[in-house]
Amino acid sequence: MKHAIQLYNFREELKQDFAGTLREVAKIGYDGVEFATNYGEMEPLELAALLKELKLECAGTMFPNLKLCDSDSPAWEMAAILNSPAVTFSYTENLPQSWMTLLERCRLAGTNAAAHGTIFSYHNHWQEFSRLADGEYVMTRVLEQTDPAQVFIEPDVCWLTRAGVDPVSHIRRYAKRIRQVHLKDLRIPEERETMTALGGGCVDLAGCIAAAKETPCQWLIYEQDHSADHFADAVKSLAFLKKNGVGK
């Protein structure tokens with residue numbers, strides 16, 4: 001498995017200087033980057049050339065969910081030219097009430113991804129683990145009612161922990177549907193502002209990494225929504241990943 005960094009970490013810096021920030025990120029030493037809906041208003045070939053210059057692989061491409069429900073969206077060209085292993089979206093609108101909308105959008109994105117020669121992977125937050133009227137999790141019901149050959153998952157182990165779900169068991173349960181895992185740590189599950197560099201919080205990251213190694217997972221992707229110094233924490237997190245046997 002390879003290690004990558006989620007560019008959402010640098011969302012403010014990317015708004016100011018997309019290419020310059022990507023160059024600084026490349027110096028840290030991750031194998032790849034995952035894009036979080038911001039592509040710097042660059043053409044796909046231009047962005048692919050920049051990644052090649054920086055010796056970075058594309059570890060994933062995230063888009064707004066409705067774009068992946070459109071078979072003619074430019075998202076598909078971007079993902080193909082960047083050689084993205086999967087296209088991804090997340091959904092946080094009024095769950096569990098709107099879970100049927102989530103289900104239909106996952107089905108449609110999965111169908112479109114297959115038609116474009118790639119796979120769709122869903123990125124969870126914690127709301128997907130709210131309960132339906134029959135007591136089942138929203139996420140469980142969505143995965144039960146979608147094609148495992150078309151709808152994959154990108155588990156976020158931090159949000160699973162916040163939801164009270166054991167991330168290690170979740171990874172093992174859905175092993176065949178996993179190609180990417182988001183690694184994120186925090187000290188207090190209910191307080192997202194307590195996010196920290198990997199290894200500084202309460203998430204069972206070592207267990208998650210060990211479980212991911214038993215799956216077809218290709219990328220372990222470090223993400224940290226909140227940080228006083230995103231570059232310093234990225235360096236610390238890369239050291240943690242290497243210590244746990246992740247990367248080249």
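**Entry 1: terms and model**

I count a residue as buried under 20% relative accessible area, as exposed over 50%, and as partly exposed in between, using a 1.4 Å probe and protein chains only. Helices (H or I, at least four residues) and strands (E, at least two) are DSSP runs, numbered from the N terminus. The model is predicted, so I take local features only at pLDDT of at least 70 and side-chain atom pairs only at pLDDT 80 or more, while totals for chains, interfaces and linings use all residues. Residues are numbered from 1 along each chain as its sequence is written, and side-chain values use heavy atoms, with hydrogens and water left out.

**Entry 2: strand β1**

I looked up β1 (2-6). Of its 5 residues, 4 are buried, so β1 is largely enclosed by the rest of the structure.

I then asked which strands pair with it; two strands pair if DSSP finds at least two bridges between them. β1 runs parallel to strand β10 (residues 219-222), with 4 bridges joining them. Here Ile5 stands opposite Tyr222. β1 also runs parallel to β2, through 3 bridges. In that pairing Ala4 has Gly32 of β2 as its bridge partner.

**Entry 3: helix α2**

Which residues of α2 (residues 18-28) are buried? I found Phe18, Thr21, Leu22, Val25, Ala26 and Ile28. They sit on the same side of α2, because they cover an arc of only 145° around the axis. The arc is that of the directions from the helix axis to the C-beta atoms.

I looked next at what covers them, taking contact as heavy atoms within 4.5 Å. The cover includes β1, α1 (11-16), β2 (32-36), α3 (44-54) and α11.

At the N-terminal end, Asp17 caps α2, with a side-chain oxygen 2.9 Å from the backbone nitrogen of Gly20. After the helix comes Gly29, whose phi is positive, near 115°.

**Entry 4: Glu53**

Glu53 is found in helix α3. Its relative accessible area is 46%, so I list Glu53 as partly exposed. Glu53 and Ala26 are 27 residues apart in sequence, and their C-alpha atoms are 9.9 Å apart in space.

The side chain of Glu53 also makes a polar contact with the side chain of Arg23, at 2.5 Å. A polar contact is a pair of N or O atoms within 3.5 Å; within protein, one must be able to donate a hydrogen and the other to accept it, and residues adjacent in sequence count only if both atoms are side-chain atoms.

**Entry 5: salt bridges**

I call it a salt bridge when a side-chain nitrogen of Lys or Arg is within 4 Å of a carboxyl oxygen of Asp or Glu. How many are there by this rule? The count comes to 13 salt bridges.

One of them joins the side chains of Glu12 and Lys15, at 3.5 Å, N to O. Glu12 and Lys15 are separated by about one helical turn, because they are 3 residues apart in helix α1. I noted Glu12 as partly exposed at 45% and Lys15 as exposed at 59%.

Another joins Glu24 and Lys27, at 2.9 Å, N to O. Both lie in α2, 3 residues apart, which is about one turn of the helix. Glu24 is partly exposed at 37%, and Lys27 is exposed at 63%. An α-helix has 3.6 residues a turn, so residues three or four places apart point the same way.

I also found a salt bridge between Asp225 and Arg192, at 3.2 Å, N to O. Asp225 lies in the loop between β10 and α11 and Arg192 in the loop between β8 (185-186) and β9 (195-196), so the pair ties together parts 33 residues apart in sequence. Asp225 counts as buried at 6%, whereas Arg192 is partly exposed at 28%. Both belong to a network of salt bridges that links Asp156, Lys184, Arg192, Glu223 and Asp225.

**Entry 6: His230**

Is His230 buried or exposed? His230 is buried, with a relative accessible area of 11%. Its place is in helix α11 (residues 230-243). Leaving aside neighbours within four places in sequence, I found His230 in contact with Asn9, Phe10, Gln224 and Asp225. A polar atom of the His230 side chain lies 3.2 Å from the backbone oxygen of Asn9.
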